[in-house]
Amino acid sequence: MTLKVAPSLLSADFSCLREEVKRIEVNGADWVHLDVMDGHFVPSITIGPVVVESLRPQTGLFMDAHLMVSEPENHIEEFARAGVNLITVQGEATAHLDRALRKIKSLGAKAGVALNPATPASVLEYVWPLLDLVLIMSVNPGAGGQSFIPGVIPKIEYVAGQIRSRNLTMELEVDGGINRETAPAVIKAGATVLVAGSAVFKAENGMDLIGDLKNMQNML
């Protein structure tokens with residue numbers, strides 16, 4: 001599967017989000033990653049469906065919404081109607097994971113589950129058939145600019161192995177501390193989508209990272 005890069009708007013300049021989305025698009029991004037935080041499941045508060053709805057007509061990029069919110073099933077419909085292509089819920093944030101995933105799919109979006117660094121992959125055991133994506137968090141969610149947690153590599157390898165052994169067609173996304181130094185191990189472990197925020201939007205020559213990450217797959 002061809003590696004995809006999904007820059008996270010969490011690290012973008014919020015005063016000109018339309019221009020930031022255009023900037024990653026022309027530099028080869030495959031997806032745009034939307035970090036949605038509610039101030040409850042995580043301390044920070046970020047964007048809501050109104051922002052997503054305003055951005056949707058501005059780009060043809062695949063929109064990947066990561067709901068870091070408590071009881072995400074209460075917000076799924078709003079984000080689906082705003083035009084996102086994929087909605088990922090935190091496995092720790094809902095008591096009704098199966099129900100939440102089925103709701104996403106009933107609204108015509110692809111469905112994903114995100115796992116925090118300390119959350120075991122066993123959470124996925126009974127929902128594999130509903131998944132279009134698994135997101136492994138390689139930092140604790142709630143803020144950009146954090147350092148990669150190397151201890152998640154075995155979890156990425158395990159989930160990649162489960163996807164292969166079950167003959168499933170889905171993406172394995174990794175988010176947190178992705179840069180030129182950490183990406184090779186993540187790609188080798190089996191990731192198919194890399195989320196990068198600070199390393200793209202805040203670093204000098206950060207936009208070059210998009211192409212560099214995509215080229216790494218051919219070099220490993």
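**Entry 1: salt bridges**

I counted the salt bridges and found 9 in the structure. I took a salt bridge as a side-chain nitrogen of Lys or Arg within 4 Å of a carboxyl oxygen of Asp or Glu. The model is predicted, so local features need pLDDT of at least 70, side-chain atom pairs count only at pLDDT 80 or more, and totals for chains, interfaces and linings use all residues. Residues are numbered from 1 along each chain as its sequence is written, and side-chain values use heavy atoms, with hydrogens and water left out.

I looked up E20 and R23. Their side chains meet in a salt bridge, 2.8 Å from N to O. Both residues lie in helix α1 (residues 17-26), 3 residues apart, about one turn of the helix. Helices here are DSSP runs of H or I, at least four residues, and strands are runs of E, at least two, numbered from the N terminus.

Is E20 buried or exposed? E20 is buried, at 7% relative accessible area. R23 is partly exposed at 33%. Buried means under 20% relative accessible area, exposed over 50%, and partly exposed in between, with a 1.4 Å probe and protein chains only.

Next I took K214 and D30. These side chains meet in a salt bridge at 3.3 Å, N to O. The pair links distant parts of the chain: K214 sits in helix α8 (residues 208-219), D30 in the loop between α1 and β2, 184 residues apart. K214 is partly exposed at 27% relative accessible area. D30 is partly exposed too, at 24%.

**Entry 2: helix α4**

I stayed with salt bridges for one more pair. R102 bonds to D98 in a salt bridge, with the closest N and O atoms 2.7 Å apart. R102 and D98 are 4 residues apart in helix α4, about one helical turn. R102 is partly exposed, with 48% relative accessible area. D98 is partly exposed at 31%. An α-helix has 3.6 residues a turn, so residues three or four places apart point the same way.

Which residues of α4 are buried? In α4 (residues 97-106) I found L97, A100, L101 and I104 buried. They cover an arc of only 95 degrees around the axis, which puts them on the same side of α4. That arc is taken from the directions from the helix axis to the C-beta atoms. The face turned away from the buried side carries the exposed residues R99 and S106.

I then asked what covers the buried residues of α4. The cover includes α3 (76-82), β4 (86-90) and β5. Just after α4, G108 takes a positive phi of about 90 degrees.

**Entry 3: the sheet**

I traced the strands. 8 strands form an open sheet, in the order β1-β8-β7-β6-β5-β4-β3-β2, and the pairing is parallel. β1 (4-7) and β2 (31-37) stand at the edges, each with a single partner strand, so one side of each is left without a neighbour in the sheet. The twist averages 25 degrees from one strand to the next. Two strands pair if DSSP finds at least two bridges between them.

7 bridges join β2 to β3 (residues 62-68), and the two strands run parallel. The bridge partner of W31 in β3 is F62.

Which strands does helix α5 lie across? Helix α5 (residues 153-165) lies across β5 (110-115), β6 (133-137) and β7 (171-175), and runs at about 170 degrees to β7. Axes are lines fitted to C-alpha atoms, for helices over the stretch in contact, and angles run from 0 to 180 degrees between N-to-C directions.

**Entry 4: N116**

I looked at N116 in the loop between β5 and β6. N116 counts as buried, at 15% relative accessibility. Leaving out residues up to four places away in sequence, N116 touches F41, Q90, E92, M137, P141 and K155. Contact means heavy atoms within 4.5 Å.

**Entry 5: the whole chain**

The protein has 8 helices and 8 strands. The radius of gyration is 16 Å, close to the 17 Å that the globule rule gives for 220 residues, so the protein is as compact as a globular protein of that length. The radius is taken over C-alpha atoms, and the rule is 2.2 Å times the number of residues to the power 0.38. The C-alpha trace spans about 40 × 40 × 30 Å along its principal axes. Buried residues make up 54% of the 220 residues. Of the contacts with a separation of 6 or more, 65% come from residues 24 or more positions apart.
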